Amino acid sequence: MENRNLISGEWRGALDGSTFGVCDAATGREIARVPHCHEMEALEAVEGAANALGAWRSRSLEERAQFLRAIAAALRSHEDQFAHVITAENGKPLSEGRGEVAYSADYFSSAADEALQLHAINIRSRSELRVLRAHPEPIGVVAAITPWNFPLAMMARKTAPALAAGCTQVIKPAELTPLTALLFARVLADLGLPPGVVNVVTGDPAAIGQAWLDDGRVRKLSFTGSTRVGRLLMRGAAEQVVRLSLELGGHAPFIVLRDANVAAAVDAAVAGKFRAAGQTCVCPNRFLIADEIHDEFVERFVTAARLLPVGRGLDLATRVGPLISDEAVARMRRHIDDALAKGATLRTGGSTIAVEGCVDRFFAPTVVTEASSRMVCFQEETFGPLAPIARFHDESHAIQIANETPFGLAAYVFSEDSTRLAAVSEAVNCGIVGANTGIISDAYAPFGGRGWSGFGREGGRWGIEEYLSWKYVCTGVHG
Ligand code: SIN
C-alpha cells in the first residue's frame, strides 16, 4: 500500500518527515501513516502541475480520451482493492465501496466521451467583415479538495473533467481518508500518466488550501465539503480571482404526496437515507408525508429501518456502518435530543449499538415523527442516520417547508400522478430532484446545488465546462 505523496511524478514524504495516522473507521485502530505536508509541499505540487500543463494541454483530444478510458478500466479492474481501502478508512459497507468504485469509473468514461467534443466552434457573425471562432481552452492548473464521505468518487468527479479539459491538477484528500487517494495516485502513475499531471498532497488542510489559493498559478479550485469551509475558500479565492466550484451542505426534503406508491416511497427512503449511514450531501434530511398516507408510511419505514443490519463494513450482511467521528455521533445525539425535547416521538433507534471490538460510533437507524421546523434537525443537516418525519395537509404547505432553508442541493418527490410529480419537482428550489426514486447520483448528469449548497456542476459535459476558459478569435475579412 502506497503511503507517500505523488508530486511531479515522484513518491515523496513531507519535507520535515512528519506523518499523521489514518484509522480504520470501524475499530479506530491506526492502519497507516501518511505525510503531513504544509505550504512548501503544496507549492511544489503546483510547480509540478504547472510544468506538466503545456504538454498535457497539447495532447490531442483522442489521446486525453484514451487516458480517461484507461483510468476507468483500471478503476474497474481494481474494484476489490479500492472497495476494501474505502471501507477500511471510511467505514461504509463493502457493497457501497464497490458501488463507489463503479460510480467513479463512470466519471472517467463520461469525461472520455465528452473530451472528444472539445473542439473549436465557428460562430455566425452578423457582420460579413469578420469570422468568429471559439476555442475551449483549459483553465490551467486546478486544485481539488475532497471529502471523506466518498474518498474516490468526489476525486473522480474533479479529476476526470480536469484531465479531459487539458488541465493539470493538485489534490488534497480529506485527512480521515487519504489512503484511497494515494492508491488512486498509484494507479495513475502505473498507467503512465505523465509526471505532474496529477499530484496528491496529504496534510494540513488550511496551509495547503491557502497556499494554492495564494499562488496565482492555480486558476480553479473545486471543493466538496461543508458550507463553513466553502465560505472560507470563497474569501481566500478573492485575491487571485480563482474560479471556484463548491459542492457544499444539503438539507434535502423528501416529499410523499397522498397518491404515491407508499411501498416504493419507503424503499426509496431507506435507500437514500441510510446509504453511507446518512453521511451524504444528498441524503433525505426532512421527511414530509401527506396526512392520508402518513401512518402507513411511518409503519413501513420504521419496520424497514429496524431490519437494517448495523455493523462493520467488512461484514457482508452490513447495511449501515459506523459514523466517521465522535463529533458525528454527538451531532446525532444533539439533533435527537432537541427533537424529543420539542415534542417529537422516537419510533426507532435513538442510540448507538455496541459492535464487538469496534468504536462506539455505530448509530442505529433512527426515525422520529411529529417533527417540525422548530427543531434543529429541520434547520441543519444531520449527516447521520436520523429520519425526522412531519405530516402535511396540502402540497403548497409541503413545498413551503421544503423551500424554507437556504440550502438547495437535492429534493425527493413521490406521486403516481405525473403532472403533480412534475409540478412539485419544478417548485422545489434545488439542483437535483429524485422523482419516485431515492438514488439520484449519476456521473453523466450535472450534479450540484444552489444557495448555501454551493455552485458549479460536476458530471457530464457540464462538469467539463467548469474547467474550460473559452477564447474566441474574431478574424477580420478584408475585401
Ligand atoms: C456527496 O455526498 O457529496 C455526493 C453524493 C453523491 O454523489 O451521491
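In which helix is the place of R235? R235 belongs to helix α8, and helices here are DSSP runs of H or I with at least four residues, while strands are runs of E with at least two, both numbered from the N terminus. Before we go on, a word about what you are looking at. This is a predicted model, in which local features need pLDDT of at least 70 and side-chain atom pairs count only at pLDDT 80 or more, while totals for chains, interfaces and linings use all residues. Residues are numbered from 1 along each chain as its sequence is written, and side-chain values use heavy atoms, with hydrogens and water left out.

Let us stay with helix α8 for a moment. R235 counts as exposed because its relative accessibility is 60%; the word exposed is used for over 50% relative accessible area, buried for under 20%, and partly exposed for values in between, with a 1.4 Å probe and protein chains only. Helix α8 covers residues 227–237, and T227, G230, L233, G236 and A237 in it are buried. These buried residues pack against β7 (141–145), α7 (205–215), β10 (218–224), β11 (243–247) and β17 (407–408). For a sense of scale, find V310 as well: its C-alpha atom is 41 Å from that of R235, and the two residues are 75 residues apart along the chain.

Now step back to the whole protein. The domain assignment gives domain 1 (5–248 + 453–474) and domain 2 (252–444); such bounds come from an automatic or database domain assignment. Taken over C-alpha atoms, the centres of domain 1 and domain 2 are separated by 31 Å. The contact between them takes 33 residues from domain 1 and 30 residues from domain 2, where contact means heavy atoms within 4.5 Å.

What lies inside? In soluble globular proteins, nonpolar side chains tend to be buried together. A nonpolar core is a set of buried Ala, Val, Leu, Ile, Met, Phe, Trp, Tyr and Cys residues joined through side-chain atoms within 4.5 Å. The largest one here has 133 residues, and F297 and F301 have the most contacts inside it. Helix α5 (residues 153–165) gives the most to this core, with 9 residues. Domain 1 and domain 2 both give residues to this core, so it lies between them. Zoom in on F301: leaving aside neighbours within four places in sequence, F301 is in contact with V266, A269, V270, F274, F287, V367, A387 and I389. Apart from this core lies another, of 25 residues, among them A143, L221, L244 and L248.

Next, look for the ligand. Which residues surround the ligand? They are Y103, N149, F150, M154, R157, T224, E247, R275, T280, C281, S441 and F447, each with a heavy atom within 4 Å of it. A polar side-chain atom of R157 lies 2.6 Å from an oxygen atom of the ligand. For R275, an N or O atom in the side chain is 2.8 Å from a ligand oxygen atom, and for S441 the distance is 2.4 Å.

The side chain of N90 reaches the backbone oxygen of N149 at 3.5 Å. N90 counts as buried because its relative accessibility is 3%. Not counting residues up to four places away in sequence, N90 touches A25, W148, N149, P151, T177 and I324.

What about the cysteines? A disulfide is a covalent bond between the sulfur atoms of two cysteines. With the rule of a pair of cysteine sulfur atoms within 2.5 Å, the count comes to 0 disulfides. C377 is in no disulfide, and the nearest cysteine sulfur, that of C283, is 14 Å away. The sulfur of C430 is 14 Å from the closest cysteine sulfur, in C281, so it is too far for a bond. C377 is buried at 0% relative accessibility, and C430 is buried with a relative accessible area of 7%.

Finally, visit two loops. S8, in the loop between β1 (5–7) and β2 (10–12), has a positive phi of about 55 degrees although it is not a glycine. E370, in the loop between β15 (366–369) and α12 (376–379), also has a positive phi near 55 degrees without being a glycine.

Notes. A polar contact is a pair of N or O atoms within 3.5 Å; within protein, one must be able to donate a hydrogen and the other to accept it, and residues adjacent in sequence count only if both atoms are side-chain atoms.
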